[in-house]
Amino acid sequence: IACSAAGGTHHAHRDRGGGYCIVNDLAIAATHLIAHKYATRILIVDLDVHKGDGTASLISGLQPWLLSEHATIFTMSVHCQENWPLFSRADPHPSNLDVVIPAGASDTQYLQALRRHLPQALGAARPDLVLYDAGVDVHENDDLGHLLVTDYGLRQRERFVFDTCLR
């Protein structure tokens, strides 16, 4: 397990920044690890309250030319329905698994969705490495988050993610 407190710049796209992000550290790390054969199958778990649109866009654009049939990067984004980026039509940047949480969701709703979908993502990706963006903007005191996850809910989330991924 390695952690970075400064990561999660998941809105940066190939040709532009977005959402205060200019370089997509998740996509760069994942592609570097694959290109240098440190990993073959990577799962990016993005639990920031905002959708990881840049990561989804970058990774889906890389699949045909960088990744072989044996090397894959699977993206999972769990995000609030009411947050930026909002898409009025079909989502132009879908993750492999997008889980939309309604505004005002509590610990119970949030954790139920995570408990249902993280094992699904792990089963689909079968990763040998997980990159985890553990955004804390889901917290009830975050003015831009629109969710009501408490300190207790965040502790439960972290415990569940680490235990499930390590298992």
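Predicted model: local features only at pLDDT ≥ 70, side-chain atom pairs only at ≥ 80, totals over all residues.
A cavity here is a set of points on a 1 Å grid over the protein atoms alone where a 1.4 Å probe fits but cannot get out. Grid points are joined across faces, edges and corners, and a volume is the space filled by probe spheres set on the points. I find 1 cavity of 30 Å³ or more. Its lining (residues with an atom within 4 Å of a point) is Asp 46, Gly 52, Thr 55, Ala 56, Thr 75, Met 76, Ser 77 and Ser 95. Strand 2 gives the most, with 3 residues. Helices (H or I, at least four residues) and strands (E, at least two) are DSSP runs, numbered from the N terminus.

**Pocket.** Next I checked the largest pocket, which holds about 1,100 Å³ of space. A pocket is an open set with protein on both sides within 12 Å along at least five of seven lines. I count 37 lining residues, with Ser 4, Leu 26, Tyr 132, Asp 133 and Ala 134 nearest the centre. Helix 1 (25-35), strand 4 and helix 4 each give two or more residues to this lining.

**Core.** I then turned to the largest nonpolar core, with 26 residues. Such a core joins buried Ala, Val, Leu, Ile, Met, Phe, Trp, Tyr and Cys residues through side-chain atoms within 4.5 Å. Buried means under 20% relative accessible area, exposed over 50%, partly exposed in between (1.4 Å probe, protein chains only). Leu 43 and Met 76 are among the residues that touch the most other members. Helix 3 brings the largest share, 8 residues. Apart from this core lies another of 13 residues, including Ala 30 and Leu 131.

**Rings.** I found 1 aromatic pair. Rings of Phe, Tyr and Trp (its six-membered ring) pair if their centres lie within 6.5 Å; planes under 30 degrees apart are stacked, over 60 edge-to-face, the rest tilted. Tyr 132 and Phe 162 have centres 6.0 Å apart and planes at 75°, so I log them as edge-to-face. Tyr 132 sits in strand 4 (residues 129-133) and Phe 162 in helix 4 (residues 151-166), 30 residues apart. Tyr 132 is partly exposed at 22%. Phe 162 is partly exposed at 30%.

**Conventions.** Residues are numbered from 1 along each chain as its sequence is written. Local features need pLDDT of at least 70, side-chain atom pairs count only at pLDDT 80 or more, totals for chains, interfaces and linings use all residues, and side-chain values use heavy atoms, without hydrogens and water.
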